[in-house]
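Visitor: Hi, could you walk me through this one? I'd like to ask things as they come up.
Guide: Happy to, let's bring it up.

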Amino acid sequence: MKYYIFLVLAVLFWSGNFITGRYISTSIEPMQLSFYRWFFVLVLLLPYIFINYKDLILGFKKDSLLLVVFGAFGIAGFNTFLYYGLQTTSATNALLINSSTPIFIILISNIIFRIAITKIQILGVLLSTLGVLYLILKGNINHILELNFTPGDLWILLAALDWAIYSVLLKFKPKDLSSFSFLTITSFIGVIILYIAFILQGYSLEFSFLSNKEVLYSLIYIVIFPSILSFYFWNMATIEIGANKAGQSAHLMPIFGAILAYIFLGEVLEFYHIVGIVLIAIGIYLTMFFKKVK
């Protein structure tokens, strides 16, 4: 049960990442946000690196190519694509497109591992996806005409595909690496990749943007919660329960978005929220738990 709790917490923190990423999108460039996010994660991980550097080096040497792939997809790729997308698309569109992640995960798992897609899985995915759409359209199909898609939507779609590949490949995570060591090594690799892209795009290492309190406080949240904690929780849970089931938790994001808006922004919970939440809950139940109670 603890791994399902980890999934819920990971998605909750990532929901906040969508909000904060969009909130400061006009104050910091996507490449800067992605690089500095993981740069500061690495700074926080330095004590762990100093204490365990021999084991970390040995672990990297054993599976260097595989770990580079994880660092590229999970750390460098996904977050950069997401922040580029949030520059020109709305959080609503981003949540809608991000909800395609579970579908990508099931399809990629089927292609790579020949994992059969059961009828219950299909039904669960369809119901939870329908719940997401119902939430975003506020219970009115006519609202679909109000959705304006931008080039940023393609970045979000690329981010969803990137994350699906990362999640499926977690099956190959080196077994002799602890989840925290795995996070540390892939973060280090991701920062190197991001720094190369950072320099190639003409940026230089400077921290003047931290004088902007909105950026500073948002970055503190992003570094601790969506980065260190969410990745640690997601990696552990996905390896234990499988990418197909873990992926369905992405449909919790719109629910958390509505709840957070209710708590912090004073927005009213409407009837369509309840309908969407129920559909998503049933879909996730069928996909993740149904077999266990047959």
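Visitor: Leaving out residues up to four places away in sequence, which residues does Thr-20 touch?
Guide: Thr-20 touches Ser-218, Tyr-221 and Ile-222, where contact means heavy atoms within 4.5 Å. This is a predicted model, so local features need pLDDT of at least 70, side-chain atom pairs count only at pLDDT 80 or more, and totals for chains, interfaces and linings use all residues. Residues are numbered from 1 along each chain as its sequence is written, and side-chain values use heavy atoms, with hydrogens and water left out.

Visitor: Is Thr-20 buried or exposed?
Guide: Thr-20 is buried, because its relative accessible area is 14%. The cut-offs are under 20% for buried, over 50% for exposed and partly exposed in between, with a 1.4 Å probe and protein chains only.

Visitor: And which helix does Thr-20 lie in?
Guide: Thr-20 lies in helix α1. Helices (H or I, at least four residues) and strands (E, at least two) are DSSP runs, numbered from the N terminus.

Visitor: How many helices and strands does the chain have?
Guide: The chain has 12 helices and 0 strands. Of its 294 residues, 49% count as buried.

Visitor: Back to α1. What about Val-8, what is it in contact with beyond its neighbours within four places?
Guide: Val-8, which sits in α1 (residues 2-23), is in contact with Leu-252 and Phe-256. Val-8 counts as partly exposed because its relative accessibility is 36%. Its C-alpha atom is 9.1 Å from that of Trp-234, 226 residues apart along the chain.

Visitor: What share of the contacts joins residues at least 24 apart?
Guide: It is 89%, counted among contacts between residues at least 6 apart in sequence.

Visitor: New topic: how many cavities of 30 Å³ or more are there?
Guide: The count comes to 2. On a 1 Å grid over the protein atoms alone, a cavity is a set of points where a 1.4 Å probe fits but cannot get out, and lining residues have an atom within 4 Å of a point. Grid points are joined across faces, edges and corners, and a volume is the space filled by probe spheres set on the points.

Visitor: What volume does the largest cavity have, and what lines it?
Guide: The largest cavity has a volume of about 120 Å³. Its lining includes Trp-14, Phe-18, Asn-98 and Trp-234. The largest share of that lining, 4 residues, comes from α1.

Key: On a 1 Å grid over the protein atoms alone, a cavity is a set of points where a 1.4 Å probe fits but cannot get out, and a pocket is an open set with protein on both sides within 12 Å along at least five of seven lines; lining residues have an atom within 4 Å of a point.
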